[in-house]
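This report concerns a predicted model.

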Amino acid sequence: MDSSALFLLFMFCISCSSFYASGMLLLPLRHSISPTQFNSTHHLLKSTSARSAARFHHQRRLHHRHFSLPLSPGSDYTLSFNLGSQPPQPITLYMDTGSDLVWFPCAPFECILCEGKPNPSLHTRPPNISRSVAVSCKSPACSAAHTSASSSDLCAMARCPLENIETSDCSSYSCPPFYYAYADGSLIARLYRDSLAVSPSSGALFLKNFTFGCAHTTLGEPTGVAGFGRGLLSLPAQLASFSPQLGNQFSYCLVSHSFDQQRVRRPSPLIIGRSDEKERIDSEANEFVYTSMLENPKHPYFYCVGLVGISVGKRTIPASKTLSRVDNEGNGGMVVDSGTTFTMLPASLYNSVVAEFDRRVGRVHERAGEVEDKTGLGPCYYLDKKTVEIPTVTLHFVGNNSNVVLPRKNYFHDFLYGGDGAREKRRVGCLMLMNGGDEAESGGGPGATLGNYQQQGFEVVYDLENQRVGFAKRQCASLWDKLNSN
């Protein structure tokens, strides 16, 4: 064994021992909004609201297909890894709880219609997978990537001879390529295995035989995805194969940014697994409010929860019963999604929330119709008065006292609009919830999505062992500093 291999083996052993001592991985999530996008707040809000709507409606369109596909990756939070070891190759991926596959661009790479999108390959060459091992058509991973197709069908697609299929002797034939369609793009990828280095603050953790999708050509999708959904190929599932303790739960705490350029740059902690130190910090802070995960037979990788109502001030507006449960066809429930920015509500609930919000705010402040048209959000108001009273918004989930009170900045964003010569500069504010459309016309599927903007300032825990999602108010920047220092 040469010296480099001995060094890697030594590092792997050191990583294992330090990992088992802590029982937890701490990774930084970075917001991917580029500095140029801050030139115009209303343009930034317009593109973000349009992307949220496209992702939500794609989620519903999946309901009509005979196979499941992941949601389009959002453009918000990224994390970084190294692939292979000779030499290590850096990759940057979107963190997405709405899908269950890890994939990324590979050299040579071409992205069609990707102008204007964050594209890591423009600055860092996509990884070369010449040393990676192709996954066999007999592998359960291949079947998972092809939405549970049988190994016999997949090996036939891989041109394994019939006699070999009948004798289960096709392991040398590679898994066929698979197609993914997104809200605004698509790709074709193949499955490979290689080592993946996860680099928490305490040192690298090497995962051997990590399975990932490699795409040489994509349409509108320049950045890969680290799927955290419930599925065999997700990052948490593969970490669990290394250690069940790592696969039991994960959480993230998104730093509240309100589209402030400096705060967007702060890292948000992504916490995988449990540790005594983390439990000590939790005991000193606000307790979690939990609600049970709902099984979705049509889209099993979604983290669905039940929503029973929304309060605006002291008035509670009940949600339709379809939002509190998921039926046998996969209809209903609310998806907790790290890859959608703004929360999407069915039209009936959204309109009732807006009517109550406008009843309380609109009697004091003038509606800003032009701003609503420019941002895709609403209602918006001119905030010319010095005192602005905004009612509290509370989400009521299924469970005993499973109520989450949103901070004002999570649902109402104020900013300066105008000052371009055509109009005077005025302070405006908009409700940051979106209309997901009429339930009767949607044809089914998940009824609502809880976006990451509404999750800011909360630690959101996905407790896979107890099948529940929890929310706890946190100072996320301080949580990162505490965990990183320890």
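## Disulfide links

Cys-111 and Cys-114 are joined by a disulfide with a sulfur separation of 1.6 Å. Both Cys-111 and Cys-114 are buried. In this predicted model, the number of disulfides comes to seven.

Another link connects Cys-142 with Cys-175, at an S to S distance of 2.2 Å. The link of Cys-142 and Cys-175 is right-handed, with 85 degrees about the S-S bond. Because Cys-142 belongs to helix 3 (residues 140–145) and Cys-175 to the loop between helix 5 (162–166) and strand 6 (178–181), the pair ties together parts 33 residues apart in sequence. Cys-142 and Cys-175 are both buried.

## The pair Cys-160 and Cys-170

The sulfur atoms of Cys-160 and Cys-170 lie 1.9 Å apart and form a disulfide. This link of Cys-160 and Cys-170 is left-handed, with -80 degrees about the S-S bond. Cys-160 sits in the loop between helix 4 (151–157) and helix 5, and Cys-170 in the loop between helix 5 and strand 6, so the pair ties together parts that are ten residues apart in sequence. Both Cys-160 and Cys-170 are buried.

An open sheet is formed by four strands in the order 15-14-19-20, with antiparallel pairing. Strand 15 (315–318) and strand 20 (403–406) are its edge strands, each pairing on one side only. On average, neighbouring strands of this sheet are turned by 20 degrees against each other, direction ignored.

Five bridges link strand 14 (residues 307–312) to strand 19 (residues 393–397) in the antiparallel sense. Val-312 has Val-393 of strand 19 as its bridge partner. Helix 10 (residues 347–361) packs on the sheet and touches strand 14 and strand 15; the direction of helix 10 makes about 15 degrees with that of strand 14.

Note on methods: Residues numbered from 1 in each chain as written. Predicted model: local features only at pLDDT ≥ 70, side-chain atom pairs only at ≥ 80, totals over all residues. Heavy atoms only, no water. Pairing = 2+ DSSP bridges. Helix = DSSP H or I, 4+ residues; strand = E, 2+ residues; numbered from the N terminus. Axes fitted to C-alpha atoms, helices over the stretch in contact; angles between N-to-C directions. Contact = heavy atoms within 4.5 Å. Disulfide = S-S within 2.5 Å. Buried < 20%, exposed > 50% of the residue type's maximum accessible area, 1.4 Å probe, protein only.
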